[in-house]
Amino acid sequence: HAALTGSRKVVIATALKPEESWNVNANYVKFINHNYGYVGLDGSLFYTYFTNKIVGDYLTDPTKIIYDNIKGYAISRGATINLDFTFTSGLKLIAGVTLMDVYQIQKDTLEINNKIPQLFAPKFSGTYQLSYTFKRAAISIDYTGRINGPMHLPVVQNDFRPSLSPWFDIANIQVTKKLKNTEVYFGIKNLWNFLPKNPILRPMDPFNKNISVNNPNAYNFDTSYNYASMQGIRAFIGIRWFLN
C-alpha cells in the first residue's frame with residue numbers, strides 16, 4: 001500500500017540482482033479416530049536462506065521507500081501446527097499457530113554484522129474456529145478469528161508511536177440457517193472493534209503543504225505504519241441459493 005498508493009517516493013537504489021534462496025521444509029500429518037469423532041494434526045518446520053534479497057527501506061528517509069539488494073543474507077525460519085477436533089455431536093474446533101523468525105544480517109560501515117528484524121512479520125500468529133451445528137434445527141454457529149503478536153513497524157525520528165504493534169485479535173461470528181435449497185446467514189465481523197492506533201502520520205496534511213505548522217518534529221504524511229484492517233465492527237446478512 002505504501003509503495004503503490006502512499007505518499008512515499010519509490011526509489012530503486014541500484015540495478016537489482018535476482019534473489020536466490022535455499023529452502024528446507026519438513027511436514028508431519030496424523031489423523032486419530034475415536035468414538036466421538038476424529039483429531040487431525042498437521043505440523044511443519046521450515047527454513048529459508050536468502051541471498052541478494054530485495055527489501056524496501058522505510059527507515060532511512062521518511063519520504064521514500066528505497067529498494068535494494070541487501071549486503072548480506074536473510075533468514076526466514078519457524079514452525080506451524082494445526083489441530084482439527086471434529087466430534088459427532090456437531091462440535092468442531094480448529095486451531096493453528098505459526099512461530100516465525102524473519103531477519104536480515106547486514107554489515108555496517110565497520111564491517112560488523114547486524115541483525116535487522118523484518119518489518120510487519122510477527123513472531124507469533126494464530127487462527128481459530130469454533131463451530132457447532134444444531135442438527136435438528138439445521139442451524140450452525142461459527143466463531144472464527146486471528147491473533148497476531150507484536151511486529152516491528154516503520155517509525156520515523158522522534159516518532160510518538162511505538163516501534164512494535166500490540167497483540168490483537170480480529171474475531172468474527174456467523175449464524176447460518178439451512179433451508180431446502182438455500183442458506184440464510186448473518187453475523188458480525190471484527191467483533192471486538194479493534195482498530196490500529198495512529199496508522200497515518202499527520203493525516204490532516206496529506207500533501208505536506210503545511211509541514212511547518214504545528215509540527216516541531218518535522219513529520220511528513222505517511223501511511224506505512226498501518227498493521228491491521230481499518231474496518232471496525234460491522235454486521236452482515238446474506239443468502240445462498242444452491243442449484244441442483
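A charge sits over a ring if NZ of Lys or CZ of Arg is within 6 Å of the ring centre and within 35 degrees of the ring normal. Arg 161 meets this with Tyr 225, lying over its face at 4.0 Å from the ring centre. The charged end of Lys 53 likewise sits over the ring of Phe 50, 4.3 Å from its centre.

This is a predicted model: local features need pLDDT of at least 70, side-chain atom pairs count only at pLDDT 80 or more, and totals for chains, interfaces and linings use all residues. Residues are numbered from 1 along each chain as its sequence is written, and side-chain values use heavy atoms, with hydrogens and water left out.

Now the salt bridges. The term means a side-chain nitrogen of Lys or Arg within 4 Å of a carboxyl oxygen of Asp or Glu. The structure holds eight. In one of them, Arg 161 meets Asp 159 at 2.9 Å, N to O. Both residues are buried (under 20% relative accessible area; exposed is over 50%, partly exposed in between; 1.4 Å probe, protein chains only).

Asp 101 and Arg 77 form another salt bridge, at 3.2 Å, N to O. Asp 101 lies in strand 7 (residues 91-107) and Arg 77 in strand 6, so the pair ties together parts that are 24 residues apart in sequence. Strands (E, at least two residues) are DSSP runs, numbered from the N terminus. Asp 101 is buried at 14% relative accessible area, while Arg 77 is partly exposed at 35%. Both belong to a network of salt bridges that also links Lys 115 and Lys 123.

Ser 76 is found in strand 6 as well, which spans residues 72-87. Its relative accessibility is 15%, so Ser 76 counts as buried. Leaving out residues up to four places away in sequence, Ser 76 touches Asp 101 and Phe 50, among others (contact means heavy atoms within 4.5 Å).

Next, the aromatic rings. Rings of Phe, Tyr and Trp (its six-membered ring) pair if their centres lie within 6.5 Å; planes under 30 degrees apart count as stacked, over 60 as edge-to-face and the rest as tilted. There are 10 aromatic pairs in the structure. Tyr 132 and Phe 134 are edge-to-face, 4.8 Å centre to centre with 70° between the planes. Phe 168 and Phe 194 have centres 4.8 Å apart and planes at 5°, so this pair is stacked. Phe 168 is buried at 7%, and Phe 194 is buried at 17%. Tyr 225 is the ring under Arg 161.

Technical notes:
Helix = DSSP H or I, 4+ residues; strand = E, 2+ residues; numbered from the N terminus.
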